Amino acid sequence: MIVFTIITKDYLAYAKAVKNSFARNYDGEFRFIAFVTSLELDDDYNDSEIEIMSFKSGLEIEKVKLAFQKYGEVDIDSLRYTLKPILIEHFLKSQNKVIYCDSDLYFTGNVAEMVHSLDHNNVLITPHWFPITPDVSNGYLKKAFFDGIYNAGFVAFNKQGIDAAIWWGNACLFNCSRDQDVLNTFVDQTYLNLFPIYFDKVKILDEGYNAAGWNEKILNWTVSGFCTSVLEDVRKTKEVKFIHFSPYTFSVLKDNNGEYWTKIRGQYIEELKNYGLEINPIIKHNKNLFWYVGKLLPKQWLSKVVLSRRAKKSK
């Protein structure tokens, strides 16, 4: 079984946190790979703590080459999102199970049941669990349609699910943008809406998977690391298996969430520090922009973000 993430070389600390938190919560064997998108990374670059697959070696895969030709010079985010299903397809040719994790996932509960469920399910996906109250003040209702019902930060496939991975990769090669005028999709994510309808044995994981800032209200996190939700008039209580530590999640996970969440938040920050990356979780927070900054964040990238925002405001 392969578990992998996609990351730049400056942020391998995140990949190490994914790998080691997964290992602490799964006793079985797995191979973890960090696909590094930095072109300047040498093929022989290695890290004693993590297996690296360089972008240069990835270009030997025909669809990776196609993705780079389409998005490499114009939208690095679209390139990364498109690489996800392409690499899933590639790994499934030699593996029975493949799990993709965003680099900011952090595993906190035992995931053996999830892994074993791939023995009889072809694909595993996790909903956003957005609040969907039909009210003009609820921006999440719109996000459920545009951002997608499911979060693409975690997906898992077995070998029988390769058809879904192939279709997803081809869809992203066709269009992987945020431009609603093109296909009304949100990068790679909205395509997952179609999985349970068009592909066999797609399992939607329960509320314990992929806890994040965007579902904190509906899942009602408890102070002891469980979440309780009322869906279909049935109250469910589930152990949180992993947290999606996006900048927005950091803005929600504050001390008043309880002892467990304060501990996990601090544990994650400390683990990244041990791998050589110090982060200041939130330095700016408004409706358009969330970011967290590590000491390794390239100043050039930060300048591009600021200039881009200014340019959009001036139009």
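Which residue forms a salt bridge with Glu-89? Before selecting anything, note that this is a predicted model in which local features need pLDDT of at least 70 and side-chain atom pairs count only at pLDDT 80 or more, while totals for chains, interfaces and linings use all residues. Residues are numbered from 1 along each chain as its sequence is written, and side-chain values use heavy atoms, with hydrogens and water left out.

Select Glu-89 and Lys-93 to find the partner: the two form a salt bridge (a side-chain nitrogen of Lys or Arg within 4 Å of a carboxyl oxygen of Asp or Glu), with their closest N and O atoms 3.9 Å apart. Glu-89 is buried at a relative accessible area of 9%, whereas Lys-93 is exposed at 59%; buried means under 20% relative accessible area, exposed over 50%, and partly exposed in between, with a 1.4 Å probe and protein chains only.

Next, select Lys-16 and Glu-49, whose salt bridge has its closest N and O atoms 3.4 Å apart. This pair links distant parts of the chain, 33 residues apart, with Lys-16 in helix 1 (residues 12-24) and Glu-49 in the loop between strand 2 (31-36) and strand 3 (51-54); helices (H or I, at least four residues) and strands (E, at least two) are DSSP runs, numbered from the N terminus. Lys-16 is buried at 8%, and Glu-49 is partly exposed at 37%.

Then move to Asp-147 and Lys-143, joined by a salt bridge at 2.6 Å, N to O. Here Asp-147 is buried, with 10% relative accessible area, while Lys-143 is partly exposed at 32%.
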